[in-house]
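User: Hi! Could you walk me through this one? I'd like to start with how you decide that things pack together.

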Amino acid sequence: MSDAALETQALSMSFGALRVANAIDFRLEPGARHALIGPNGAGKTTFVNLVTGALQPSEGRILLGGSDVTGLAQAHRVKRGLVRTFQITALFRGLSVLENVTLAVGERLGTASDMLRPSGARRAVIEEAFALLDRLGIADEALRPVKELAYGRQRLVEIAVALGLKPKVLLLDEPAAGVPSAESSTIIDVIEQLPADIAVLIIEHDMDLVFRLARRITVLVQGAVLVEGPPAEIAADARVRQVYLGEREHA
Amino acid sequence: MAEIVAASVSILFHGLAFAMVLYLVSVGLSVTMGLMGFVNLAHGVFAALGGYIATSMIARLGVPFVPAVAAGVVVAMALSVPLERALYRRLYGADELDQVLLTVGLVFMSVAAGKFFWGPLAQPFHPPAVLSGQIELGWREFPTYRSFLIASGAVLVTVLWLGLERTQFGAQIRAAVDNRRMAQSVGINTSRLFTMTFALGSGLAALGGSLGAEILAIEPAYALEHLIYFLIVVSVGGLGSIKGPFFAALLLGVADTGFKYLLPEFGAFFIYALTLVVLLWRPRGLFGYA
Amino acid sequence: MTVDVATHLTAQSAMDAFARRHRFHPGEAVPWIVAVAAYFVFPDYLALGAQVLATILFGLSLDLILGYAGIVTLGHAACFGTGAYVAGLLAVHGWGEPITGLFVAALAAAFVGFVSGAVVLRTQGLTLLMLTLVVSTMLYEAANKANHITGGADGLSGMEVWPVLGFRFDLFGKTAYWYCLGALFVCWLVARCIVHSPFGRSLTGIRENERRMHAIGSPVFWRRLVIYTISSALAGVSGALISQTTAFVGLGVLSFDRSGAILIMLILGGVGRLYGAFIGVPLYMILQDRFAAVDPVYWYFWIGLILVLVVVFAPGGAFGLADRLLRARRRHR
C-alpha cells in the first residue's frame with residue numbers, strides 16, 4: 001500500500017480526565033476529497049490541532065507523506081505541505097488582503113527572512129499572490145484591510161492564504177461556517193475547483209456540502225472514530241443516524 | 001554547629017515574617033490579575049496607602065493600633081472602587097502594554113502624592129505595647145511583633161482559602177478565573193465580581209502595608225521599590241491562586257533573608273536568578289493556570 | 001490607502017501600491033532638517049541635544065521590538081547599559097577611539113540581547129514581562145557588585161575619549177552633537193530598511209496574529225530573536241554614545257528607571273511608526289528638563305498623569321492623535 005498523504009495511528013490526547021482524542025486511526029489518500037463530521041464537541045477541531053502540531057498528543061503517531069512528523073513543530077509541518085484554515089477567521093486584520101497572501105507566499109518561497117530589500121521589490125511574490133486572489137475573485141479588494149471585508153470574502157482570503165503555501169494536504173476547518181448562503185456558493189465552487197493532486201480534508205456541519213464535495217467520510221464521536229466509508233454507506237449507517245438523531249432529541 | 005542552627009532559625013523566622021508581609025500585599029494582586037487578566041503594577045500603591053493612613057493615625061492622632069489599621073484598609077477599599085470603575089474598567093482586555101503604562105503612571109503619581117502629603121522620609125512605625133518586645137517560643141526568644149505577623153499570615157491564608165473554597169463568592173471567583181465567558185453565561189455578574197474582588201485585594205494590600213510597615217518601610221517610592229518583589233511572588237506563585245503566592249512568598253521571603261544574611265554583597269542577585277530559573281521551568285508559575 | 005471599488009485592480013497597480021510604501025516620503029526629511037537647524041538655533045544646548053539624539057536611537061531600538069514585533073519589555077536598559085559600560089571600559093583602559101568603541105559596544109549588547117532573548121522569548125505575557133525585568137535587574141546588581149570594574153555606585157570615571165574623525169570632543173558639545181546625529185542617521189537607515197523588508201513585514205504579522213504566523217510556516221521564535229538581537233545592538237550603540245559624549249557611566253544606565261523612561265518616551269510619540277521616538281524623546285526630555293528643575297516631585301506627578309491620560313485618551317501617542325485629526329478633517333471635506 002502506497003504512502004498516505006496524511007495518516008494518524010492511535011492518536012490520543014487527554015485534557016486531565018477528559019479524553020478528547022481516543023486512539024484515532026485515520027488515512028487521507030493523495031488527491032482525496034475527505035470529510036470529517038460529527039456532533040458538536042466530537043473533537044474535530046482538536047484533531048486538526050493535533051495533526052497540524054498546535055497541540056501535542058499524549059500517544060500515537062502522525063505521518064505526513066509516509067514520514068513521522070509527530071515531534072515536528074507546526075511551522076515545519078507547514079513547510080512539508082500540511083496547511084490548514086481556521087474555523088474562526090485568523091487573518092492579519094490590519095493588513096491588506098494582498099499582504100495577507102504575500103506573507104504566506106513569501107514564507108514558502110523563503111524570501112520572508114530578507115532584511116535588505118524592500119518588500120515591494122519582491123515582484124514574483126506579489127504577482128503570485130495577486131494571481132491567487134484573481135482566481136478566487138477577490139482581486140479587486142487586494143489593497144483593502146482585511147477587517148473591512150465582508151465575512152464571506154474573509155473566508156475566501158483564508159483559503160487564498162492556504163493556497164499560497166502550495167499545500168499537499170489541505171485541512172479546511174468549517175470553510176463555510178458563519179457565511180451567509182449567498183456568499184457560500186463561491187466558497188463551495190472554490191473548493192470544488194481545487195487542484196486534483198491536493199489531498200483535502202473538510203470539517204463541516206453542513207451535510208449538503210459534505211455529500212456534494214466528499215468521496216469519503218469519517219464520523220468522529222467523542223474523540224473516537226465511529227465509522228468511515230463512502231458517502232452512500234455513511235448516509236445509510238444506522239449508528240450515524242442515531243448519533244445525529246440522538247443529538248436532535250437532546251437539543 | 002550551634003551557631004549554624006541558631007543562624008538558620010533566625011533566617012527562617014525573619015524570612016517567614018517577611019514572607020507573610022509579601023503574601024498579604026501580593027495575594028490580592030494574584031487574584032485580580034488571574035480574574036481580570038489585568039496587569040496591575042499599581043497594586044503596591046494600596047499597600048502604601050494603608051501604611052500611610054495607619055502610621056499617621058497612630059503617630060499623629062494617637063489612634064490605637066487596631067482601629068488605625070482598620071481605617072487604612074477601609075480607605076484603601078473605598079478608593080479602589082472608583083478607580084476600578086472609572087479607569088481600570090476601560091482597559092480590560094486591552095493590550096498588555098497599555099495596562100502596564102496606565103498603572104505605571106498611577107504609581108508615579110502616587111510617589112509624588114506620598115512625598116507631597118507626608119514628606120520624603122519613611123514613616124515611623126510603633127507597634128502597640130502588647131505586641132512589642134520579645135516573646136518566648138520554645139527554647140529561645142523572638143521579637144513579638146514578627147511572631148504576630150507570622151501568625152496573622154497563617155490565619156489569613158487559611159481564611160482566604162476557606163473563603164475561596166467554601167463560599168458562594170469564592171466559587172464565583174474561581175469560576176470566573178477559570179473561564180470568564182462561561183461564568184458570564186451562567187449568570188455571574190462579572191463586573192460586580194471584579195469590583196468587589198478588586199476592593200478586597202486592595203484592602204488586603206493595605207492590611208499588608210500597614211502591618212508590615214516595620215519590614216517594608218512606608219515611604220513615597222514604596223510601590224515602585226517593592227514592585228519587583230510583588231511581581232515575583234505573583235508570577236512565581238501563579239495567577240489567580242491563593243496558595244500559589246503563599247508558597248512563592250515563603251520561598252522568596254526565606255531565600256531573600258538567607259541570601260542577604262549569608263551573601264550580602266550580592267544583594268538580591270540570587271533572588272532574581274532563582275526567579276529566572278523557576279519561571280523558565282514553570283512559565284505559568286508553581287500553581288498557576290490562568 | 002483608499003481604492004475606488006469600481007476600478008479594476010491590476011497586478012501592476014497593486015505592485016505600485018506596495019512600492020509606494022517604502023519610497024522616501026518628503027516628510028521623512030523633516031526630523032533631519034530640524035536636527036541640523038537646531039545646531040544653529042540653539043548653540044547653548046548642544047550637549048543636551050546630543051543626549052536627546054542618542055536617546056532617540058534608544059527609543060528607535062525599542063520601537064523595533066515593541067512596535068513591530070510586539071514584545072513588551074521592562075528591561076531594555078539592560079542592553080543600553082551594556083553598551084554604555086563596554087564603551088566606557090574601553091575608553092578607561094586605553095582604547096578611546098569612538099567609532100570602533102561603538103562597534104564593540106554594539107556587539108557586546110547584541111550578545112547580551114541574543115543570550116537573554118534566547119531564554120526569555122520562549123515565554124509570553126506576564127512571564128515574559130517579568131523575565132525582561134529580572135534580567136535587567138540582575139545586570140544592575142552584577143554591575144553594582146563588580147564595583148572594582150564598573151565603579152559601582154560611584155560610576156565609571158576616567159574615560160579618555162579620543163577625537164572622532166579628527167574632531168576633538170569640545171566643551172560646547174559641537175562634536176558630540178554631530179557625532180550622535182551621524183550615528184542616529186546611519187542606524188535609522190538600517191532600521192528603516194529592516195522595517196520595510198519582507199522580514200519587517202513578517203514581524204508585523206507576528207504582532208498582529210502570532211497563531212497565524214505559525215500556521216503559514218514562519219519560524220516565529222527565530223524572527224523575534226533576530227530582531228531582539230538587532231534592537232539590543234542599537235540600544236548598545238545609544239548607550240555607548242551617551243557614555244562617550246559625557247565621559248561617564250553610572251549605574252543608572254541599567255536601572256528600571258531608564259527602561260521605564262524610554263518606554264514612556266516611545267509611547268508619547270507613538271509605537272510602531274518608526275518616528276515615534278523622534279517626537280516622544282525630545283518632548284519628554286525637554287519637559288523633564290523644565291519640570292525637574294523646578295521640583296522633582298512635580299515631575300513624577302505630571303509625567304504619571306500624562307501617561308494615564310495618553311493611555312486612556314490617546315493610545316497611539318502623538319502619531320495616533322495626528323491620525324485621528326487627519327481622518328476627522330477628511331470626513332468633513
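Analyst: Happy to! Two residues are in contact if their C-beta atoms, placed from the backbone, lie within 7 Å. Keep in mind that this is a predicted model.

User: Great. What do the buried residues of α15(C) pack against?

Analyst: They pack against α12, α13 (276-294) and α14 of chain C. The buried residues themselves are Gly317(C), Ala318(C) and Phe319(C).

User: And how far apart are the end C-alpha atoms of that helix, α15 of chain C?

Analyst: They are 21 Å apart. Helix α15 of chain C covers residues 317-331, and its 15 residues should span 21 Å at 1.5 Å a residue, so the two values agree.

User: Nice. Switching to the chains: which pair has the most contacts?

Analyst: That would be chains A and C, among the 2 pairs of chains that touch. Here 40 residues of chain A meet 33 residues of chain C. On the chain A side, α2 (74-79), α3 (97-109) and α4 (123-135) each supply at least two residues.

User: Which of those gives the most?

Analyst: α3(A), with 7 residues. Taken as a whole, the side of chain A that touches chain C has 20 nonpolar, 7 polar and 13 charged residues.

User: How about chain C with chain B, how many residues does each bring?

Analyst: Chain C brings 29 residues and chain B brings 33. From chain C, the helices α6 (125-145), α12 (256-269) and α14 (296-313) each provide at least two residues. The most comes from α6(C), with 13 residues.

User: How far apart are chain A and chain B, then?

Analyst: Their nearest C-alpha atoms are 13 Å apart, and the two chains do not touch.

User: Left-handed or right-handed crossing?

Analyst: Left-handed: that is how α9(C) passes α11(C).

User: Which residues make that contact?

Analyst: From α9(C), Ser202(C), Leu203(C) and Ile206(C) take part, and α11(C) answers with Val220(C), Arg223(C), Arg224(C) and Ile227(C). By type, the contact of α9(C) with α11(C) has 4 nonpolar, 1 polar and 2 charged residues.

Technical notes
Residues are numbered from 1 along each chain as its sequence is written. Chains are lettered from A and ligands numbered from 1 in the order in which they are written. This is a predicted model: local features need pLDDT of at least 70, side-chain atom pairs count only at pLDDT 80 or more; totals for chains, interfaces and linings use all residues. Helices (H or I, at least four residues) and strands (E, at least two) are DSSP runs, numbered from the N terminus. Ala, Val, Leu, Ile, Met, Phe, Trp, Tyr, Cys and Pro count as nonpolar, Asp, Glu, Lys and Arg as charged, and the others, Gly among them, as polar. A crossing is left-handed if the near helix is turned anticlockwise from the far one by less than a right angle, and right-handed if clockwise. The expected span of a helix is 1.5 Å times one less than its number of residues. A residue is buried if 20 or more other C-beta atoms lie within 10 Å of its own, exposed if 12 or fewer, and partly exposed in between; C-beta atoms are placed from the backbone.
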